[in-house]
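Try each task before reading its solution.

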Amino acid sequence: MRRLFRHRPSASMIVAVTALVVALGGTAVAAGLVSGDSLIKKHSLSGNRLRNNTVTGTQIKVSTLGTVPSAALAAHATTAGSATTATTAANAINATNATNATNATNATNATNATTAATATNALSLGGIAASGYTQSNCTTTTGQIKGFASVDASASFSSSFVNVPGYNCSGQAVQAERLSVGEYEIKFLGSPVTIAIGTVSSDCGGNPCVGYVSVDPVSAGEWKVAVYNPGSSTLVDEGFQFITP
């Protein structure tokens with residue numbers, strides 16, 4: 001026996017013995033002794049050589065996979081959601097703008113209408129309301145007539161104060177009474193005015209009657225009036241008009 005193993009077997013002898021074992025033991029023995037990677041050439045198998053549904057995630061290196069079409073759409077789903085939100089926001093802004101635009105139009109019209117009304121008043125009345133041209137105002141700075149009256153004097157005129165037609169800046173009544181032939185007293189109640197003038201207003205057959213009026217102040221807003229016939233210088237009961245500037 002020592003003679004049989006005195007020399008080491010050569011490499012070729014080892015290969016021959018291995019081949020003999022494989023041949024005798026079949027593929028089961030070969031699979032146990034030899035790696036499959038060394039038996040199959042890289043990139044030599046096609047997909048139709050694999051059985052369906054046999055490759056699982058365990059055999060797949062996920063990091064080497066690209067994005068599949070469905071996954072690409074899913075990746076944009078967040079953006080799409082933002083786009084929807086943006087669209088909704090844009091719609092809301094547009095709606096707000098539309099509302100504001102409507103309000104702005106109404107506001108413009110309202111402003112124009114107000115301005116137009118003011119401009120019309122300003123052009124027509126100098127910026128003063130129509131009622132302002134007949135003011136119940138007795139100040140001396142307005143430049144307006146403070147009062148006027150028309151007295152239909154006659155022998156039958158009241159001997160006590162009665163209201164007569166006219167205007168009084170105080171807003172109160174204008175009154176007159178007959179003192180005697182051709183003499184009258186006239187009052188502008190509540191008026192502070194002390195200046196007045198009068199003129200004869202009677203109609204003598206379609207022609208102005210000859211006459212004149214003498215005015216004598218009694219107190220503020222009150223005067224005595226005498227109507228004269230200039231030819232005879234006698235007092236006469238003739239109607240007269242009275243103005244307080």
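**Exercise 1. Find which residues of the largest nonpolar core touch the most other members.**

Solution. Start with the term: a nonpolar core is a set of buried Ala, Val, Leu, Ile, Met, Phe, Trp, Tyr and Cys residues joined through side-chain atoms within 4.5 Å. Buried means under 20% relative accessible area, exposed over 50%, partly exposed in between (1.4 Å probe, protein chains only). The largest such core has 23 residues. Ala149, Ile186, Phe188, Trp223, Phe240 and Phe242 touch the most other members. Next, the strands (DSSP runs of E, at least two residues, numbered from the N terminus). At least two core residues come from each of β1 (147-151), β4 (174-180), β5 (183-188), β10 (222-229) and β12 (240-244).

The model is predicted: local features need pLDDT of at least 70, side-chain atom pairs pLDDT 80 or more, while totals for chains, interfaces and linings use all residues. Numbering runs from 1 along each chain as its sequence is written, and side-chain values use heavy atoms, without hydrogens and water.

**Exercise 2. Locate the salt bridge and classify Asp237 and Arg178 as buried or partly exposed.**

Solution. The criterion is a Lys or Arg side-chain nitrogen within 4 Å of an Asp or Glu carboxyl oxygen. The whole structure holds 1 salt bridge. Asp237 pairs with Arg178, closest N and O atoms 2.7 Å apart. Asp237 sits in the loop between β11 (234-235) and β12, Arg178 in strand β4, 59 residues away. Asp237 is partly exposed at 22%. Arg178 is buried at 17%.

**Exercise 3. Describe the surroundings of Thr244.**

Solution. Thr244 belongs to strand β12. Thr244 is buried, at 1% relative accessibility. A polar atom of the Thr244 side chain lies 2.8 Å from the backbone nitrogen of Gly147. Beyond four places in sequence, Thr244's contacts (heavy atoms within 4.5 Å) include Phe188, Val193, Ile195 and Trp223.

Note on methods. Helices (H or I, at least four residues) and strands (E, at least two) are DSSP runs, numbered from the N terminus. A polar contact is a pair of N or O atoms within 3.5 Å; within protein, one must be able to donate a hydrogen and the other to accept it, and residues adjacent in sequence count only if both atoms are side-chain atoms.
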